[in-house]
Amino acid sequence: QVQLVESGGGLVQAGGSLRLSCAASGRPLSSYTMGWFRQAPGKDREFVATITRNGVATYYETSVKGRFSTSRDNAKNTAYLQMNSLKPEDTAVYYCAASQNVYTYSTQAADYDSWGQGTQVTVSS
């Protein structure tokens, strides 16, 4: 199955921006619906964003809508999460995920087959 490696996390001040990358190997990224999830200490893993195989449609969790944007470059086998206007409550470990069985998009973690290792995003006030 596809393997995912995430990068781009780090420490940023409130109002700043970060761009996360999710590089796929082993299978073409175009075969997979992509999702982004995050998990803060003491909290359940929550949905952040998802994008269809062709990158035509996206869907976002309400709290990040208008600030975050997900995209993909299938030729580079890479998906992205652009995070702008970051807030301290965005602090979490962020995960990318891939599904070969969802043909539009999904907000449900159980629908995803492969997961990245996670990357820490910390937003200071």
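Predicted model: local features only at pLDDT ≥ 70, side-chain atom pairs only at ≥ 80, totals over all residues.
Me: Why is the link between cysteine 22 and cysteine 96 called a disulfide?
Reply: The label needs a pair of cysteine sulfur atoms within 2.5 Å. Here the S to S distance is 2.0 Å, so the pair passes. The structure holds one disulfide, and this link is right-handed, with 65° about the S-S bond. Cysteine 22 sits in strand 3 (residues 18–25) and cysteine 96 in strand 9 (residues 92–99), 74 residues apart. Strands here are DSSP runs (E, at least two residues), numbered from the N terminus.

Me: And what is a disulfide in general?
Reply: A covalent bond between the sulfur atoms of two cysteines.

Me: How do you know whether cysteine 22 is buried or exposed?
Reply: Check the relative accessible area: under 20% is buried, over 50% is exposed, and in between is partly exposed (1.4 Å probe, protein chains only). Cysteine 22 has 0%, so it's buried. Cysteine 96 also has 0%, so that one is buried too.

Me: What about arginine 67, buried or exposed?
Reply: Its value is 11%, which is under 20%, so arginine 67 counts as buried. You'll find arginine 67 in the loop between strand 6 (58–60) and strand 7 (68–73).

Me: Which residues is arginine 67 in contact with, leaving aside neighbours within four places in sequence?
Reply: Contact means heavy atoms within 4.5 Å. Among the residues that qualify are Gln82, Met83, Asn84 and Asp90.

Me: What makes strand 7 and strand 8 a pair?
Reply: Two strands pair if DSSP finds at least two bridges between them. Strand 7 and strand 8 have six, in the antiparallel sense, so they qualify. One of the bridges has phenylalanine 68 partnered with methionine 83 in strand 8. The two strands form a hairpin with four residues between them, and asparagine 77 in the turn has a positive phi of about 55°.

How values were computed. Residues numbered from 1 in each chain as written. Heavy atoms only, no water.
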